[in-house]
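Reader: I would like to go through this model feature by feature. Please give the general idea each time, and then the case at hand.

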Amino acid sequence: MNSRGRWLLLLPLVFLAVVLVAPVVRLLVEGMGSADVSWWSVWQDDHLRWRVGWSFAQAGITCVLALLLGLPVAWVLARLEFPGRALVLRLLMLPFVVPTLVAAMGVLALWGPRGLLGEPMAAAGWGLEDTPWLLLYGNLFFNLCVVVRAGVDALEQVSAQRVAAARTLGATPWRAFWRVEWPAVAPWLASALCLVFLYCFAGFGLALILGGQRYATVEVEIYTLVAHELALTDAGVLAVWMLLLTGAVALAYAAIEKRLAAPGRTVPVARHRPKGAGQWWAVAGALAVLLLVSAAPLLAIVLRALHALVWGQGAAVLVEPETLRALGNTLRFSGMALALATALGLTHALAVQALDRAGALRGVGAVQATAALGWRAAAFLPFVVSPVTVAFGLLLLYPQWTASLGLLVAAYALLAYPFVAKSLTAALDALPASYAQAAATLGARPWRIFWRVTLPLVATALRRGMAFAAATALGEFAVSLFLSRPEWTTLTTLIYQRLSRPGAANLDAALVLACVLMVLALLAFAGIEGRAQRHNPDNARHA
């Protein structure tokens, strides 16, 4: 790698070392200071073994459900042209940008004991409290759109000639799908399911609110061990096992992404209007699945918030000084974190490109290939490390900066910048090298090539990544819970405080605040990603 590539690598590398790796190591050292610690204690303790097993089970079950529901929906959206299809695709990713705490409250507003559907079910003796279904539904709400979007993008890459050839040779539509389309889309779906597994396995907010005592995950267990029991030894051992297990998934994801990075030109299968009642029923079924899983919790929380505003006691919370201060803190912290996350994601993606080009020029050996793959996977370290573990590690490693603005913003940016890095890395992978080479031949310097050639071509992907990063920062919960001062209350921590207090007034206030936070996150996403759509109506498939 040349000197420019090394400088690009420096910023994200130092940031990850200081804000992620060093705090995790410090926490593990602190937790394993006891001489009688055993690396196998996780598997010898029935309670911890159940937590690990359930964490894997709920993530795996969510992947299976998302695949079974998402693939048929993706096929309908990719192959059939019907009124409202463009709007459905436009709204498809909105559940993913909803803050975790808001999603949990949406699930409760729909299926909880006082929910729109949960209350009549509970009256009939079908209550869902203390069951795993609330958490699984919450996971599916977040992740179904990821699988559907990946499936749509993958199906649009299937060669129309190959499908037509299979049909000409007598293959039925079902056989043509399994023999031609499925092999082509499987890597894309595997990539999406790796992300789904990581999101579910490393999730904190949903498991804290919806899991209860019985179905809490490893993330909640680490938080409980450290915050309530001060059992740093057990928490450290549990954390390192989780790092190893989820790190393997992250490496698999990076390897699959690299396989998908090679640009290819295909003529996609043309969409057509539904033919016959069967295909119209398929459209209705796909829309019903999206409505029930992805839209119903959002609608439920809006309806419950409106009820609290009009007939309940939720209107007063909107003008309380505590709410206005929390709103200001949320916007301030998120804006600062977005700026830092964008810089980190941009340099990270350019460093990946420099590593790949260095390997291509010198001949890719085992060391170069491993380095490039490892640096691709490094962007996903914030997904495979518990936010709670990172927060406590920061407090232990930097006690003099406890509750400092820099530490809080850095932790926010740590969780947000992988979205920018992933989006830009995919866009740069698909960018033909001949563009930059032509500019260099005409005498343009590297930075001028970047500003005049590369950046305009990847601007849509950059905005898409920034939109997800902004939504992530606005809805951040775990880090805010542990690293902020009392006067730095954000909307997420204020909602959690209201939920922790008894009484209908506090529940109404939490619902209203959750609706405000949801609208804020959607506006931020639409403002950034919508601008990208106006610049590129064809949309970018790199986020």
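Author: The turns below cover confidence, helix packing and aromatic pairs.

Reader: What pLDDT does the protein average?

Author: The model is predicted, and its average pLDDT is 81, with 85% of the residues scoring at least 70.

Reader: Turning to helix packing, at what angle do helix α3 and helix α10 pack?

Author: Helix α3 (residues 46-79) packs on helix α10 (residues 173-201) at an angle of about 140 degrees, and their axes are 9 Å apart. The two helices are therefore oblique to each other. The crossing of α3 past α10 is right-handed. Residues of α3 in the contact include Phe56, Leu67, Leu71 and Trp75, and those of α10 include Phe177, Trp182, Leu189 and Phe197. Sorted by class, this contact of α3 with α10 has 14 nonpolar, 4 polar and 2 charged residues.

Reader: Are helix α6 and helix α14 roughly parallel or roughly perpendicular?

Author: The axes of helix α6 (residues 100-111) and helix α14 (residues 276-310) cross at roughly 85 degrees and come within 8 Å. Angles of 65 to 115 degrees count as roughly perpendicular, so α6 is roughly perpendicular to α14. On the α6 side the contact includes Val102, Met105 and Trp111, and on the α14 side Leu292, Ile301 and Arg304 are among the residues involved. The contact of α6 with α14 has 11 nonpolar, 1 polar and 1 charged residues.

Reader: How is the pair of helix α12 and helix α18 arranged, and at what angle do the axes cross?

Author: Helix α12 (residues 218-227) and helix α18 (residues 387-397) have axes that cross at roughly 30 degrees and come within 8 Å. That makes α12 roughly parallel to α18. The contact is formed by Glu219, Ile222, Tyr223, Val226 and Ala227 of α12 with Pro387, Val388, Thr389 and Phe392 of α18. By class, 7 of these residues are nonpolar, 1 is polar and 1 is charged.

Reader: How many aromatic pairs are there?

Author: In general, the distance of the centres and the angle of the planes describe a pair of aromatic rings. The count for this model is 20 aromatic pairs. For Trp50 and Trp54, the ring centres are 6.2 Å apart and the planes are at 15 degrees, so the pair is stacked.

Reader: Where do Trp50 and Trp54 lie?

Author: Both Trp50 and Trp54 are in helix α3, 4 residues apart, which is about one turn of the helix.

Terms used: Residues numbered from 1 in each chain as written. Predicted model: local features only at pLDDT ≥ 70, side-chain atom pairs only at ≥ 80, totals over all residues. Heavy atoms only, no water. Axes fitted to C-alpha atoms, helices over the stretch in contact; angles between N-to-C directions. Parallel < 35°, antiparallel > 145°, perpendicular 65-115°, else oblique. Left-handed = near helix turned anticlockwise from the far one by under 90°. Contact = heavy atoms within 4.5 Å. Nonpolar A, V, L, I, M, F, W, Y, C, P; charged D, E, K, R; others polar. pLDDT = per-residue confidence, 0-100. Phe/Tyr/Trp six-rings, centres within 6.5 Å; stacked < 30°, edge-to-face > 60°.
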